[in-house]
Amino acid sequence: MKNKEYLSLMKMIEYIDKSIEYTKGYTFEEFSNDDKTIDATIFAISQV
């Protein structure tokens, strides 16, 4: 695997991990009422 491909995969994993951390412990109702967490999660997912 080329270094550039490896770095791209590592960035994807990083953003997936962030999405999981941002939403950990939330119920759907709690998450859907937290605009900052929604925005952060959407941004992280969009980077993948």
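**Close-up views of a predicted model**

Lys24 is exposed, at 53% relative accessible area (exposed means over 50%, buried under 20%, partly exposed in between, with a 1.4 Å probe and protein chains only). The model is predicted: local features need pLDDT of at least 70, side-chain atom pairs count only at pLDDT 80 or more, and totals for chains, interfaces and linings use all residues. Residues are numbered from 1 along each chain as its sequence is written, and side-chain values use heavy atoms, with hydrogens and water left out.

**View A. Lys24 and Glu21 form a salt bridge.** The closest N and O atoms of Lys24 and Glu21 are 2.8 Å apart. A salt bridge here is a side-chain nitrogen of Lys or Arg within 4 Å of a carboxyl oxygen of Asp or Glu. The structure holds 3 of them.

View B. Lys11 bridges to Glu14, with the closest N and O atoms 3.5 Å apart. Lys18 also meets Glu14, at 3.7 Å from N to O. Lys11 and Glu14 both lie in helix 1, 3 residues apart, about one turn of the helix. Lys18 and Glu14 are separated by about one helical turn, because they are 4 residues apart in helix 1. Helices are DSSP runs (H or I, at least four residues), numbered from the N terminus. Lys11 is partly exposed at 43% relative accessibility. Glu14 is partly exposed too, at 32%. Lys18 has a relative accessible area of 31% and is likewise partly exposed.

**View C. Leu9, Met12, Ile16, Ile20 and Val48 make a nonpolar surface patch.** The patch covers about 400 Å². Patch residues have over 30% relative accessible area and no salt bridge; like charges are joined within 9 Å, and nonpolar side chains (Val, Leu, Ile, Met, Phe, Trp, Tyr) within 5 Å. Accessible areas come from the Shrake-Rupley method with a 1.4 Å probe, and for residues only the protein chains shown count as cover. Met12 lies in helix 1, which spans residues 3–23. At 32% relative accessibility, Met12 counts as partly exposed.

**View D. Tyr15 and Phe43 form an edge-to-face aromatic pair.** A search of the whole structure finds 2 aromatic pairs. Rings of Phe, Tyr and Trp (its six-membered ring) pair if their centres lie within 6.5 Å; planes under 30 degrees apart count as stacked, over 60 as edge-to-face and the rest as tilted. For Tyr15 and Phe43, the values are 6.3 Å centre to centre and 80 degrees between the planes. Tyr15 lies in helix 1 and Phe43 in helix 3, so the pair ties together parts 28 residues apart in sequence. Tyr15 is buried, at 15% relative accessible area. Phe43 is partly exposed, at 47%.

**View E. The rings of Tyr26 and Phe31 pair edge-to-face.** Their centres are 6.3 Å apart and their planes are at 85 degrees. Tyr26 is partly exposed, with a relative accessible area of 33%.

**View F. Thr37 is buried in helix 3.** Helix 3 covers residues 35–46. The relative accessible area of Thr37 is 11%. The Thr37 side chain makes a polar contact with the side chain of Asp34, at 2.8 Å. A polar contact is a pair of N or O atoms within 3.5 Å; within protein, one must be able to donate a hydrogen and the other to accept it, and residues adjacent in sequence count only if both atoms are side-chain atoms. Leaving aside neighbours within four places in sequence, Thr37 is in contact (heavy atoms within 4.5 Å) with Tyr22, Tyr26 and Phe31.

Terms used:
Helix = DSSP H or I, 4+ residues; strand = E, 2+ residues; numbered from the N terminus.
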